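Subject: Structure for your review

Dear colleague,

Please find below the structure that I am handing over to you. I would be grateful if you could read the notes that follow it alongside the sequence.

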Amino acid sequence: MQLFARAYVLKNYSSLAKSIGLNPNELLRLVGIRPDMLHDLENPVPFDSLAKLLHNTARQSGCETIGLRLASKHEIDDFGVISLLIRHQPTLRDALNTFIDYRHILTQSHLLHIDDCGKTTIIREELLSEDIINKRHPIELAVGMAFRLCDELTEKTWRPRSVNFTHTAPEDRTVHGRIFRCKVNFEADFNGIVCDTASLDAPLPSADPAIVRAVSRILGQIPASSQESLVHSVKKLIYLLMPMRRATLEQVALTLGMSVSTLQRRLGDAGTTYMDLLGIVRNELVVPYLSNTGHSLQRISDLLGFANQSSFTRWFIAAFSKTPRSWRKQNNVAMVRVAPHKPLS
């Protein structure tokens, strides 16, 4: 299924590309995006084309932070009428949940999940894409936009504990430090932001219940994410929860606010099962993960939510009739040593 983002994510692309000596129109056409599509921020842009655009721009310019630089120019108002609903929510948590509720309108490819862990909370982010190679810059754009949204809503008083990326660190981390103003972890277990739970529930200075009620009436004709297909919702949660080994039937049902039996029955009515969807997500991700020379087999096993590497190997043999090591050898992918995971702080 082709997934789309909205053109607002590329609002400042042309000026940024020119500033680093590139021809933006040429790069846009190369990935099948017409330059005039960016004139209307509501226009849909295929996510795969967006990912390739950022990858090509970084490769030609040598700019390793193209996604972050785009994110730093983003403003809440770029969300259109939904920005009013986001801006005037009572707390940061409510604002982020509003983004989640209308994510299907803003961008189909960007997943965001709030995971409370006692006194700390993880704002986990992921992109629905099999293209792991071209994912670095889009995920930095996504995390950077979420940080920018929280920063703007709190009038730059928000101080998260850390920002985390699953990919390797760039040679120069200056831009990451300047934009995030906190510890930035690379080769982490997830993409997203770790913050104090209390900071999400503190009142926002721009909170205005009257505006929220008025805008909610205006948007009443737009279906919220509850109208999204259950199958797609379950797949989204598997993408988000799997790297933490929490993509269980029980956890997904709890997150969706229904019992395990109800979830199983409704998936059955849709012609599928939870295990079918778990297998689909693993099949979508395993080859790109194996193709990434920075991932050890143990790391891939963890990212795919297996209890141990042996379980991963047995599953892979059943699906592909060969071991993961044999697949890598056949496809000339270098083996890597197991590296320790980075802390969450």
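Predicted model: local features only at pLDDT ≥ 70, side-chain atom pairs only at ≥ 80, totals over all residues.

Helix packing

The helices in question are α6, residues 92-101, and α8, residues 136-153. Their axes come within 11 Å and cross at roughly 140°. An angle over 145 degrees would count as roughly antiparallel, and 65 to 115 as roughly perpendicular; α6 and α8 are therefore oblique to each other. The crossing in which α6 passes α8 is right-handed. On the α6 side, the contact is made by Leu92, Ala95 and Leu96; α8 contributes Leu149, Cys150 and Leu153. Sorted by class, the contact of α6 with α8 comprises six nonpolar residues, with no polar and no charged ones.

Sheet

Five strands make up an open sheet, and their order across it is β3-β4-β7-β5-β6. The pairing in this sheet is mixed. At its edges lie β3 (110-117) and β6 (183-185), each of which pairs on one side only. On average, neighbouring strands of the sheet are turned by 20° against each other, with direction ignored.

Strand β5 (residues 162-164) pairs with strand β7 (residues 191-196) in the antiparallel sense, over three bridges. To locate this pairing, one may look at serine 162, which stands opposite valine 194 in β7.

Yours sincerely

Notes:
Residues numbered from 1 in each chain as written. Heavy atoms only, no water. Axes fitted to C-alpha atoms, helices over the stretch in contact; angles between N-to-C directions. Helix = DSSP H or I, 4+ residues; strand = E, 2+ residues; numbered from the N terminus. Parallel < 35°, antiparallel > 145°, perpendicular 65-115°, else oblique. Left-handed = near helix turned anticlockwise from the far one by under 90°. Contact = heavy atoms within 4.5 Å. Nonpolar A, V, L, I, M, F, W, Y, C, P; charged D, E, K, R; others polar. Pairing = 2+ DSSP bridges.
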